[in-house]
Amino acid sequence: MKMLPGVGVFGTGSSARVLVPLLRAEGFTVEALWGKTEEEAKQLAEEMNVAFYTSRTDDVLLHQDVDLVCISIPPPLTRQISVKALGIGKNVVCEKAATSVDAFRMVTASRYYPQLMSLVGNVLRFLPAFVRMKQLISEHYVGAVMICDARIYSGSLLSPSYGWICDELMGGGGLHTMGTYIVDLLTHLTGRRAEKMLMGGGVCSTVTLNFNMPGAFVHEVMVVGSAGRLVARGADLYGQKNSATQEELLLRDSLAVGTGLPEQGPQDVPLLYLKGMVYMVQALRQSFQGQSDRRTWDRAPVSMAASFEDGLYMQSVVDAIKRSSRSGEWEAVEVLTEEPDANQNLCEALQRNNL
């Protein structure tokens, strides 16, 4: 009998609380749950009715029924677990790394094991609005792409207690937590990469991130070309040709979420990202179903997903933005092709702290 792979989930935060019931809804079995402490793991395991829980990484990775690892933990831990998981033959879907060096090590591991799934979970890519937007751009709905504009308005990302999200060196801050995925999305949609804080081909991109705006979460992505524009407001897609007097609704996302999800998770995760997670898990199920082996997968259903190489690129752009902010000059985007000297990284980190 052909079965979906058993899943090991790393994390006990909001994303993990949402991910576990979504995986089960698509037919996956969550075999193991990892938490930073035994107490955290036990608490969530009892809430989610997961039989096996632990705070030991290897206990999940070496679990005989775990063939797919979903990593939803603070960025400083992502590289260590994802690289080890690939090394022992597990498929991996994870969040972004904390630094370019970590992202490069993840890319190296994924290239060494190309038969295994190694995806960065940018759920925005899976939303039908952006799938359709990418298709329309390739069909020249907007003509030659000229401008990309993205706006995200949200309340504070900070919690009452100090944590990794407060620390730039640990991958914290709004630019890293949400900005990286917008950078990745714009490149995915247009097929152009940032070079020196300007996208290739002369495309100008503007991204506004404001995490001091209590109230409704605002997420809008616009691509403007010589013949028209496309705008994704939340999960809905609108378009307007230059010859038209008003925009038209091209796609309305009517997906209902919330059934079977814990109360705490959906409150902490914007609806747009909840929908993206639903679509991502559905794509994972389509990728694994019908396979003769629980570790084999079909690339077509997850063809829109971000790879580890995409993860390295998005981190490289964020690094260039930070350098530009410090220097006051346009900085080139430099994607690592080899691992830098460890002493050089330490000196740069100390210099940033002194500044």
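These notes walk through the domains, the sheet, the cores and the cysteines of the structure above.

1. **Ground rules.** This is a predicted model: local features need pLDDT of at least 70, side-chain atom pairs count only at pLDDT 80 or more, and totals for chains, interfaces and linings use all residues. Residues are numbered from 1 along each chain as its sequence is written, and side-chain values use heavy atoms, with hydrogens and water left out.

2. **Domains.** The protein is assigned a domain 1 (6-123 + 261-311) and a domain 2 (128-251). These bounds come from an automatic or database domain assignment. The C-alpha centres of domain 1 and domain 2 are 25 Å apart. Domain 1 puts 20 residues into the contact and domain 2 puts in 18 residues. Contact here means heavy atoms within 4.5 Å.

3. **The sheet.** Seven strands make an open, mixed sheet, ordered β3-β2-β1-β4-β5-β6-β13. Strands (E, at least two residues) and helices (H or I, at least four) are DSSP runs, numbered from the N terminus. Two strands pair if DSSP finds at least two bridges between them. Look at the edges: β3 (52-54) and β13 (306-307) each have a single partner strand, so one side of each has no neighbour in the sheet.

4. **Inside the sheet.** Strands β4 (residues 68-71) and β5 (residues 91-94) run parallel, joined by four bridges. Cys70 has Val93 in β5 as its bridge partner. Helix α2 (residues 38-48) packs on the sheet and touches β2 (29-34) and β3; its direction makes about 155° with that of β3. Such angles run from 0 to 180 degrees between N-to-C directions, with axes as lines fitted to C-alpha atoms, for helices over the stretch in contact.

5. **The cores.** A nonpolar core is a set of buried Ala, Val, Leu, Ile, Met, Phe, Trp, Tyr and Cys residues joined through side-chain atoms within 4.5 Å. Buried means under 20% relative accessible area, exposed over 50%, and partly exposed in between (1.4 Å probe, protein chains only). The largest core has 93 residues; among those touching the most other members are Phe10, Met117 and Phe130. Helix α9 (residues 271-288) gives the most, 11 residues. Domain 1 and domain 2 both contribute, so this core lies between them. Another core, of six residues including Tyr313 and Val333, lies apart from it.

6. For Cys70, the nearest cysteine sulfur, in Cys94, is 9.7 Å away. Cys70 is buried, at 4% relative accessibility. Cys204 is partly exposed, at 38%. Its sulfur is 8.7 Å from that of Cys148, the closest, too far for a bond.

Key. Disulfide = S-S within 2.5 Å.
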